[in-house]
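Subject: A structure for you to look at

Hi there,

Here is the structure I promised to pass on to you.

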Amino acid sequence: MKITFLGHACFLLEDGTHQVLTDPFLTGNGLAAASPLDLNPDFIFVTHGHSDHTRDAEAIAKRTGAPICCTVDLADAVFGPAGLSVLVGNIGGTLSLPFGSAKMVSAIHGSGVPGGLACGFPSEISLPWDPPMHCRPSA
């Protein structure tokens, strides 16, 4: 298992067969350790709809064909209308994937939007790799 921290909440998880990218915010992130063009993930997980978690997801997905794994509301509002392949789950649900499964669980996170409007639900992604992986969004 190889885990590469790319900045903010963006990680590249590799098991030798699959590459999973989480929360790709690289463009405009002065601390990013990679360019979106450097990455070729098989799956992209987006935990919630803030731009510092979604910024490069669409461009990477369009270039690589990787599906975006996210909650239903995020898929319906952002990635589906963009014509991207999405694998959706509800909070508490589990996505079955070629390398195992990913459980979408709730995480505490403020919306950051004036008036307190909901921005979707952050998710914790638990992957059954050895060792097991648990990814939570940062604020």
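How much accessible surface does the chain have, and what share of it belongs to carbon and sulfur atoms? The accessible surface comes to about 6700 Å², with 56% of it belonging to carbon and sulfur atoms. These areas come from the Shrake-Rupley method with a 1.4 Å probe; for residues, only the protein chains shown count as cover.

A word on the background before we go on. This is a predicted model, where local features need pLDDT of at least 70 and side-chain atom pairs count only at pLDDT 80 or more, while totals for chains, interfaces and linings use all residues. Residues are numbered from 1 along each chain as its sequence is written, and side-chain values use heavy atoms, with hydrogens and water left out.

**The overall fold**

The chain has three helices and 10 strands (DSSP runs numbered from the N terminus: helices are H or I of at least four residues, strands are E of at least two). Their order along the sequence is β-β-β-β-α-α-β-α-β-β-β-β-β. Of the chain's 139 residues, 44% are buried (buried means under 20% relative accessible area, exposed over 50%, partly exposed in between, with a 1.4 Å probe and protein chains only). If you take the contacts (heavy atoms within 4.5 Å) between residues at least 6 apart in sequence, 45% of them join residues at least 24 apart.

**The salt bridge**

There is one salt bridge in the structure (a side-chain nitrogen of Lys or Arg within 4 Å of a carboxyl oxygen of Asp or Glu). Lys62 and Glu58 form it, at 2.8 Å from N to O. Both residues sit in helix 2 (residues 57-64), four residues apart, which is about one turn of the helix. Glu58 is partly exposed, at 31% relative accessible area.

**The aromatic pairs**

Searching the whole structure gives two aromatic pairs (rings of Phe, Tyr and Trp, the last by its six-membered ring, with centres within 6.5 Å; planes under 30 degrees apart are stacked, over 60 edge-to-face, the rest tilted). Phe5 and Phe11 make a tilted pair, 5.2 Å centre to centre with 55° between the planes. Phe5 is partly exposed at 48%, and Phe11 is partly exposed at 27%.

The other pair is Phe43 and Phe99: their planes stand at 80°, so this pair is edge-to-face, with the ring centres 5.4 Å apart. It links distant parts of the chain, 56 residues apart: Phe43 is in strand 4 (residues 43-45), and Phe99 is in the loop between strand 7 (94-97) and strand 8 (100-106). Both Phe43 and Phe99 are buried.

Happy exploring!
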